[in-house]
Amino acid sequence: MYEIDSKYSAYYNEIDPKKRLVILDSLPEDEADTFVREVYNDRYSDHEGKGRKNIDWWLWRCICLQILYGRGNFLRRFRDREISTIKAELRMNDADEVHRQHLYHEYRNTCRRYLSTCRSGNYASRFMGFRQASDEEKVLKACEDVWQMSSGVAKKTGNSEAMKFWIEAFRDELYDYDDICRDEYKRLEEE
Amino acid sequence: MNENKFAAAFKQNAIWLVFIIEIAIFAYFNPKFLGLANIVNISRQVSYYGIASIGMTFVILIAGIDLSIGSIIALVNVVCAYLMMNMGWNMWLAILISIAMAILIGVLNGWMVASIGIPAIIATFASQTIFRGCAYLLSGGLPIPGVVLEHPTFGFFARWSLNRWGIPGDFGLIPICAIIMVICFAVGSFILNKSYFGRYFYAIGGNEEASELSGIRVNKMKYLIYALSGFFAGLAGIVLLSRSGSAQSTAAIGFEFEVITCVVLGGVSVAGGIGRMSGVIAGVLIIGSLKSGMIMMNVSEYTQMVVQGLVLAVAVGIDCFSKKRQSN
């Protein structure tokens, strides 16, 4: 459904921003090249203008979506405004067919980068890091996190249709992450 | 869907229901519990718990802990009183120096946790011992009395109240310390809900490595959070000194556990990344009312300790149980 030119495969499989740029620079230019570069620059630039380096703005927005999922309803107005901003920043409203294909893979790449952190020692630990989580616990927590920052927040804020594309990318990436993710994701959806 | 929303809203605010039930039980057994004098007394009593719990909330949100706040309070008590009484310093300067010292202790905790990599529980336990010892050394183990007698203005922080015209003084309805607590909670709530720093706290508590990759300077934030914890503990120390009127190096022993109880009872997860300031306010009010209610029902001090320990165990137990149920 979101098939793209195979020359981009290595670019979308790589999660390290510097290596991605090297791959991107080595690719022959085509019509999509300008858009892919634009997205790259957008994703790894400091939108707050604080001069910070090594930013992954899209990954940060994923985390923000998860935080928004955990918020109570009394700040609904601010939450909805922020969701709109995030949707615009992540280009969820882009209707161009070729752009959407590339965005789908960029979203999956963002999700993959998040999931790459979910195997670390501290992740999902309890009691101030004294009790380390088992591998299975980490995978289950990762499922919950990814669900919250995609389908969960969309459902909670009534944006399921507007964020459909984003949800699909995150779900597909999660299904490839571990065998138990499919069942866990379905369970979370039903709950 | 509506049922789910109702259930979620109920779950989020269940702590307030617990508070109401608790009030109803104490009021049933002792009608004076809801009297104005007791309410004013509770608000005075919970003020320094409330102020200190804000810093602790930030620390627990990043999956850390600060066991040094009781010692910070004792040291702030002793240093502030020492500067005013033994060295004749100006009251405001003494307060500023004491709070700056509390912030520096917080920075030291942040340095041990973030830069050296010592687990928070060990690092802050070491600080607890070091600074309690410093308080004993400075005071020689003896109290420094007469702070409010010699500096009546110092009573402003805990002894003064606002009268019906809003003028502060010795007699009035709304204690100044309760107003300070409300302002601190408003600031804490603003930081958590409306500022980027609040986001960073949740993000670091939820997934530290992802936060680092997304561009947050995690170590710098840890310094800031422990410094904030030190600041709020320092402020709580000033309020306590104003209330007691004399500095004691033995002040606030075990205080950190009561504050942790308030925070965890308020729904802040010991795993980090989850919690709201409104829940912490409820937790503080529950513990304050519980203490006051037990005193009014003539429950012995030892029994009160047992009850408070049980409340902490139940609060952490519920948090762990809900996590375990999720993972099952």
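Which residues touch the most other members of the largest nonpolar core? Hello everyone, let's start right there. That core has 140 residues, and the ones touching the most other members are Ile51(B), Ala52(B), Ile73(B), Cys80(B), Phe232(B), Ala236(B) and Val239(B). Helix H10 of chain B, residues 218-244, gives the largest share of this core, with 14 residues. Please keep in mind throughout that this is a predicted model.

Let me stay with one of those names for a moment. If we set aside neighbours within four places in sequence, Ala236(B) is in contact with Tyr48(B), Ile51(B), Ala52(B) and Ile73(B).

Now let's step back and look at chain B as a whole. Chain B has 13 helices and three strands. Its C-alpha trace spans about 60 × 55 × 40 Å along the principal axes. For 328 residues, a compact globule would have a radius of gyration near 20 Å, and chain B agrees with that, at 20 Å. Of those 328 residues, 49% count as buried. Looking at contacts with a separation of 6 or more in chain B, 75% are between residues 24 or more positions apart.

One piece of chain B that I'd like you to find on the screen is helix H11, residues 255-265. Is H11(B) largely enclosed or largely open? It is largely enclosed by the rest of the structure, because 10 of the 11 residues of H11(B) are buried. Those buried residues include Phe255(B), Val259(B), Ile260(B) and Leu265(B), and also Glu256(B) and Glu258(B).

The phi of Ala252(B) is near 60°, a positive value in a residue other than glycine. Ala252(B) counts as buried because 26 C-beta neighbours lie inside 10 Å, and the cut-off for buried is 20 or more. Just after H11(B), Gly267(B) takes a positive phi of about 95°.

Over to chain A. Which secondary structure elements does chain A have? There are nine helices and zero strands. The C-alpha atoms of chain A fill a box of roughly 50 × 40 × 35 Å along the principal axes. Its radius of gyration is 17 Å, close to the 16 Å that the globule rule gives for 191 residues, so chain A is as compact as a globular protein of that length. Buried residues make up 36% of those 191 residues. Of the contacts in chain A with a separation of 6 or more, 59% join residues 24 or more positions apart.

Let's look at a pair of helices here. Two packed helices are described by the angle between their axes and the distance between the axes. In chain A, the axes of helix H3, residues 33-43, and H6 come within 10 Å and cross at roughly 35°. The crossing of H3(A) and H6(A) is right-handed. H3(A) brings Phe35(A), Val36(A) and Val39(A) to the contact, while H6(A) brings His99(A), His102(A) and Glu106(A). By class, that makes three nonpolar, two polar and one charged residues.

The loops on either side of H6(A) give us two arginines to set side by side. Arg91(A) lies in the loop between helix H5 (76-89) and H6 of chain A. The phi of Arg91(A) is near 55°, a positive value in a residue other than glycine. Arg91(A) is buried because 21 other C-beta atoms lie within 10 Å. Arg119(A) lies in the loop between H6 (97-116) and helix H7 (135-157) of chain A. Arg119(A) counts as exposed, because it has 12 C-beta neighbours inside 10 Å. Arg119(A) and Lys138(A) are 19 residues apart in sequence, yet 6.7 Å apart in space, C-alpha to C-alpha.

Finally, how do the two chains meet? On the chain B side, 26 residues are in contact with 27 residues of chain A. The elements of chain B giving two or more residues to that side are helices H1 (2-29), H5 (120-139), H8 (196-206) and H9 (208-214). H9(B) gives the largest share, six residues. By class, the side of chain B that touches chain A has 13 nonpolar, nine polar and four charged residues.

Notes
Residues numbered from 1 in each chain as written. Chains lettered and ligands numbered in written order. Predicted model: local features only at pLDDT ≥ 70, side-chain atom pairs only at ≥ 80, totals over all residues. Contact = placed C-beta atoms within 7 Å. Helix = DSSP H or I, 4+ residues; strand = E, 2+ residues; numbered from the N terminus. Nonpolar A, V, L, I, M, F, W, Y, C, P; charged D, E, K, R; others polar. Axes fitted to C-alpha atoms, helices over the stretch in contact; angles between N-to-C directions. Left-handed = near helix turned anticlockwise from the far one by under 90°. Rg over C-alpha atoms; globule rule 2.2 N^0.38 Å. Core = buried A, V, L, I, M, F, W, Y, C linked by C-beta atoms within 7 Å.
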